[in-house]
Amino acid sequence: MPTLEPPVTWLMPVKNGMPYLTATLESIAAQTYKNHAILARDDGSNDATLDELRRWIPSRIPGQV
């Protein structure tokens with residue numbers, strides 16, 4: 001019988017997360033545990049945070065912004 005992996009949801013509140021956001025998203029995408037998704041909330045960033053989140057989610061990491 002296969003082992004079921006329970007789902008994991010990453011919660012990410014972020015404001016002006018650049019330039020560190022890219023490394024964070026790369027790390028999440030590289031996880032070997034695959035039954036996961038991310039819920040990211042941008043709190044009014046005035047840098048490229050929202051654009052970077054949309055580049056990764058949901059195309060590379062399942063979830064929503």
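Three strands form an open sheet in the order E1-E2-E3, and their pairing is parallel. Two of these strands lie at the edges: E1, residues 8-14, and E3, residues 63-64. Each edge strand pairs on one side only. The model is a predicted one.

Start with the chain as a whole. It contains two helices and three strands. Read from the N terminus, the elements follow the pattern β-α-β-α-β. Along the principal axes, the C-alpha atoms fill a box of roughly 50 × 15 × 15 Å. The chain has 65 residues, and buried residues make up 26% of them. Now take the contacts with a separation of 6 or more. Of these, 75% come from residues 24 or more positions apart.

Next, the pairing within the sheet. E1 and E2 run parallel and are joined by seven bridges. Valine 14, for instance, has aspartate 42 in E2 as its bridge partner.

Helix H2 covers residues 49-56 and lies across E1 and E2. Relative to E2, H2 runs at about 160°.

Which residues of E2 make up its covered face, and which its uncovered one? The covered face consists of His36, Ile38, Ala40 and Asp42. The uncovered face holds Ala37, Leu39 and Arg41. Asp42 is the bridge partner of valine 14.

Asp42 leads on to threonine 49, which touches it. Threonine 49 lies in helix H2. Is this residue buried or exposed? Threonine 49 counts as buried because its relative accessibility is 0%, and the cut-off for buried is under 20%. Leaving out residues up to four places away in sequence, threonine 49 touches Val14, Asn16, Gly17, Met18, Leu21 and Asp42. Val14 and Asp42 are bridge partners, so both members of that pair are touched by threonine 49. With glycine 17 there is also a polar approach: its backbone nitrogen lies 2.8 Å from a polar atom of the threonine 49 side chain.

Proline 6 gives another view. It lies in the segment before E1. Its relative accessibility is 52%, so proline 6 counts as exposed; the cut-off for that class is over 50%. Neighbours within four places in sequence aside, proline 6 is in contact with Tyr33 and Asn35. Proline 6 and glycine 44 are 38 residues apart in sequence. In space, their C-alpha atoms are 32 Å apart.

Last, the aromatic rings. How many aromatic pairs does a search of the whole structure find? It finds zero. The charged end of arginine 60 sits over the ring of tryptophan 56, 4.3 Å from the ring centre. Helix H2 runs over residues 49-56, so tryptophan 56 belongs to that helix under the DSSP assignment.

Terms used: Residues numbered from 1 in each chain as written. Predicted model: local features only at pLDDT ≥ 70, side-chain atom pairs only at ≥ 80, totals over all residues. Heavy atoms only, no water. Phe/Tyr/Trp six-rings, centres within 6.5 Å; stacked < 30°, edge-to-face > 60°. Lys NZ or Arg CZ within 6 Å of the ring centre and 35° of its normal. Pairing = 2+ DSSP bridges. Helix = DSSP H or I, 4+ residues; strand = E, 2+ residues; numbered from the N terminus. Contact = heavy atoms within 4.5 Å. Axes fitted to C-alpha atoms, helices over the stretch in contact; angles between N-to-C directions. Buried < 20%, exposed > 50% of the residue type's maximum accessible area, 1.4 Å probe, protein only. Polar contact = N/O pair within 3.5 Å; in protein donor to acceptor, adjacent residues only side chain to side chain.
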